[in-house]
Structures are given as structure tokens and as C-alpha cells.
Amino acid sequence: MRDWSDRLNELAVAAEVTGAVLGIWHDGTTTLVPYGVLNADTGVETTADSLFQIGSVSKPWTASMIVQLAAEGRLRLDDPVVKLLPEAPVDQRITVRHLLTHTSGIDGDLFTDTGRGDDCVERYVALLADVDQLFEPGTAYSYCNAGFVLLGRLIEVLDGRTWDESLKARLIDPLGLSRTVTLPEEAILHRAAVGHLATDGSRVNTWQLPRSIGPAGTITASAADVLEFARAHLTDERYAGMQEPQVPFAAGIGGFVDLGLTWRIYDWGGRRLFGHDGSTISQLAFLRIDPEARLVMCLLTNSGNGTRLFEPLASEVFTEYAGVAHPEAPQPIDVPVDDRHAGRYERASVRLDVAKRDDELVMVYRATGDRLLFSEDPEHVYELRPTAPDDGNHFVTRESPAHPWVPVTFTPTHVFTSGRVTPRR
């Protein structure tokens with residue numbers, strides 16, 4: 001079996017990542033490899049059992065509980081949300097399936113902190129009365145954190161307990177997970193990572209997202225526990241439908257071609273993988289599962305540079321065990337640009353201003369509203385470069401010259417970036 005320690009160290013140093021744990025499960029054998037430190041200010045060393053925030057990798061955990069409830073006959077995936085939760089202030093056509101597949105049309109990046117009480121998710125859902133409907137339910141895909149908080153509230157109502165308590169009863173305890181938590185007072189009992197900025201590696205000032213976002217992204221876990229959760233999706237028939245394509249994903253970044261019931265479905269060299277990524281306050285997590293190769297890989301990092309480490313490392317891991325590599329990122333092409341897409345685009349918590357400067361397009365990102373409370377980089381200027389197809393609507397951008405290119409697509413009414421529809425104002 002290959003020793004991944006030296007290679008993780010080399011790639012992490014090159015990517016300027018502060019700390020990480022690589023987890024691999026292959027056909028019955030588990031490998032856990034730590035790197036670096038959990039906190040650059042204290043110098044606490046990363047160990048294999050350290051806890052990292054997994055961000056939106058939490059979403060498949062919430063989805064798994066919804067699927068359990070469906071298997072118990074307590075809901076149907078095509079039930080309208082308001083049938084199960086009459087007080088939910090959302091479009092009556094939105095179904096549970098719409099929430100699981102980010103097709104509800106709810107403007108999903110509401111990050112309001114509704115307190116630490118057990119009613120925080122319930123109070124968050126009430127705020128959706130003031131959130132825009134971006135498109136008709138079921139007609140488009142736009143990544144929606146709010147939809148998963150709604151799912152969390154459904155779990156609370158049907159189970160008669162908090163989402164955190166259901167997570168423990170339905171997943172953490174049955175799977176024997178000893179290092180998976182949701183609250184900071186639980187995480188502090190373990191070796192827990194804190195985020196570090198991509199720009200200079202400095203430690204962030206805020207540790208965790210509000211508790212109200214829990215069902216969408218506040219699980220903190222060890223790599224071993226993440227692997228164990230993923231393995232359940234290779235063996236438990238209740239979850240088989242989560243891997244079935246529901247919605248095509250046109251952008252195709254990282255081989256992401258379809259969306260299942262929350263799981264992202266990837267095409268890597270003709271092999272079908274599934275998985276998810278997560279990002280909180282400069283902690284990035286990645287999970288990929290290859291059922292045919294009986295291979296699971298997770299990478300947990302405490303750095304905004306996590307993507308710079310994940311892509312080359314995933315290529316080497318999957319080449320070693322499955323003979324496929326992470327797909328190449330889209331690349332810019334050298335063609336002229338015009339100003340047809342100049343203007344302002346806005347959704348909850350984000351404003352994007354696009355302008356032509358000299359011969360280039362730039363997009364200024366600004367965090368707004370409640371997002372400012374934990375945004376360590378509230379304003380960022382992105383250079384937009386044309387990419388194929390050469391139609392004036394498709395571009396790529398990146399966080400810095402060291403980061404991979406990611407797609408940005410314009411239509412006359414909106415821009416699609418970071419998996420989200422942002423309307424033109």
C-alpha cells in the first residue's frame with residue numbers, strides 16, 4: 001500500500017495549505033494521513049483524529065435523514081413542503097425533491113443568525129417570507145442553503161426534536177461515529193481546526209457559521225467519520241436513489257455532470273463518481289466516492305487554498321486506485337470581449353458588479369447583509385476571461401493565479417456562477 005504522507009506534505013506545501021487530513025477507504029482498508037497545524041497561531045499539530053468543519057458536505061447527511069423518513073412512510077419526496085410544514089412561507093408548488101436538488105427557486109444564501117436556542121431553525125424558516133423567488137420551482141438549478149434549512153425543519157417537526165438531536169439518533173450513533181459534532185462546545189472537547197485565509201495564511205476571526213444554518217453546513221467531523229458516513233452509501237439500500245441523476249449540471253466543473261438527491265454525480269474519464277464539497281470560514285472539505293472501485297476519498301482542510309491541494313491530490317489518489325484523474329479545469333481563450341454583460345447582479349448576501357475595463361471584463365464581488373458578519377474577504381475583484389464556446393456568454397475566473405479556473409456563464413437575465421443564479425438588476 002502506498003504511503004501518502006510525503007506526497008501530501010509536498011502538495012500541501014506547494015498549495016500553501018495550513019493543515020489537512022487525507023482519508024482514503026479502499027476495498028476494506030482505511031488510510032488516514034495528517035498534515036500541518038490546526039491553528040497557525042498556537043501551532044497545535046494536526047492529527048489523524050482532528051476535527052474539521054465539513055461545510056456543505058453536511059447536506060448529504062441532512063438528505064440521508066430525509067430519505068430515511070421517506071423509507072419510513074412519513075413523507076414522500078414529491079410532497080409539497082407546505083403539506084408537511086404549513087407555516088413555511090414558501091411557494092406552495094415547492095416539493096421536498098425540489099429542496100434536495102436545489103431547484104426550488106428560493107434565493108438561498110440567507111445567513112441570518114437566529115440565536116443559539118433550540119428554536120433557531122424554526123425562526124430561520126420564518127424569515128423566508130422576505131426572500132425572493134428567483135425562478136419557477138423545478139425550472140432551473142441554483143444552489144440553495146436555505147432549502148436545506150427547510151429540510152432540517154421538516155426533520156425537526158416529524159421527529160419531534162432538534163435537527164442536531166436527529167442527526168445523532170439517525171446517523172451518528174447508528175454508524176458508531178465518535179468524532180462528529182455540530183456545536184462549538186462539543187468541538188472544543190476534541191482537536192478542532194480553525195480556518196486560515198488563502199491570501200496570507202492568517203487565522204480567521206470567526207470560527208463557525210450560525211447554528212441556524214446547521215442542516216446546510218455546520219457539521220464538524222474527523223476524516224474517519226466522514227469515510228464511515230460515505231461507506232454507508234455504498235451498502236445501505238435506503239440511500240441508493242440518492243445517486244440517481246435528477247438534474248443535469250451544465251457547467252460541468254470538476255466533472256460534475258448531474259445532480260442526484262443532493263449527491264453530485266461526476267464523470268471522471270468515463271467513470272461515475274458521486275460526492276460533495278463544502279466550504280465554511282476558510283475551511284474547505286471534499287468527498288468523492290467511486291462505487292465500482294470501492295474507493296472513498298475525503299480531504300479536510302483549514303485553508304482557503306484547499307482547492308489548490310484537492311485537485312492534484314485527488315488525481316494522484318484516483319489514478320493509483322481507479323485509473324482515472326480529476327478532470328482538467330476549463331481554460332481561457334484569446335478572443336475580444338464586449339460590454340453586453342456589464343451591470344449589476346444581486347441576490348441575498350451578494351452583489352456582483354460587472355464592468356469592462358480597457359479590453360477586459362471584471363466582476364467585483366461584495367458580501368452584503370448578514371454575510372458581512374463572518375466574511376473575511378467581503379470584497380474581491382475577479383478578472384473574467386472568455387472560454388469555449390466562443391459566444392460572448394461563457395467566461396472563466398479564479399481566486400488567484402495559483403487557483404484553478406472556474407466557469408461563469410451569462411444570460412440576458414442573470415449570471416450563473418458558484419452554482420447560483422444571480423439576477424440582473
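This is a predicted model: local features need pLDDT of at least 70, side-chain atom pairs count only at pLDDT 80 or more; totals for chains, interfaces and linings use all residues.
Buried here means under 20% relative accessible area, exposed means over 50%, and partly exposed is in between (1.4 Å probe, protein chains only). Residues are numbered from 1 along each chain as its sequence is written, and side-chain values use heavy atoms, with hydrogens and water left out.

**Aromatic rings**

- A pair of aromatic rings is described by the distance of the centres and the angle of the planes.
- Searching the whole structure turns up 14 aromatic pairs; rings of Phe, Tyr and Trp (its six-membered ring) pair if their centres lie within 6.5 Å, and planes under 30 degrees apart count as stacked, over 60 as edge-to-face and the rest as tilted.
- Take Trp268 and Phe318: their ring centres are 5.0 Å apart with the planes at 70 degrees, so this pair is edge-to-face.
- The two partners come from distant parts of the chain, 50 residues apart, with Trp268 in strand E9 (residues 264-268) and Phe318 in helix H11 (residues 306-322).
- Helices (H or I, at least four residues) and strands (E, at least two) are DSSP runs, numbered from the N terminus.
- Trp268 is buried at a relative accessible area of 0%, and Phe318 is buried with a value of 0%.
- Elsewhere, one aromatic cluster is made up of Tyr141, Phe249, Phe256, Tyr266 and Phe416.

**Charges over rings**

- A charge sits over a ring if NZ of Lys or CZ of Arg is within 6 Å of the ring centre and within 35 degrees of the ring normal.
- Arg2 does this with Trp4, lying over its face at 4.0 Å from the ring centre.
- Lys59 lies over the face of Phe148, at 5.8 Å from the ring centre.

**The cavity**

- The whole-structure search gives 1 cavity of 30 Å³ or more; on a 1 Å grid over the protein atoms alone, a cavity is a set of points where a 1.4 Å probe fits but cannot get out, and lining residues have an atom within 4 Å of a point.
- The largest cavity has a volume of about 40 Å³, where grid points are joined across faces, edges and corners and the volume is the space filled by probe spheres set on the points.
- Its lining includes Ile106, Asp107, Asp109, Arg347 and Arg420.
- By class, that lining has 4 nonpolar, 2 polar and 4 charged residues (Ala, Val, Leu, Ile, Met, Phe, Trp, Tyr, Cys and Pro count as nonpolar, Asp, Glu, Lys and Arg as charged, and the others, Gly among them, as polar).

- Most residues other than glycine have a negative phi, and most peptide bonds are trans.
- His102 has a positive phi of about 55 degrees although it is not a glycine; His102 is in the loop between helix H4 (96-100) and helix H5 (120-126), and is buried at 1% relative accessible area.
- The peptide bond from Ala388 to Pro389 is cis, with omega near -5 degrees, and Pro389 is in the loop between strand E16 (379-386) and strand E17 (394-397).

Note on methods: On a 1 Å grid over the protein atoms alone, a cavity is a set of points where a 1.4 Å probe fits but cannot get out, and a pocket is an open set with protein on both sides within 12 Å along at least five of seven lines; lining residues have an atom within 4 Å of a point.
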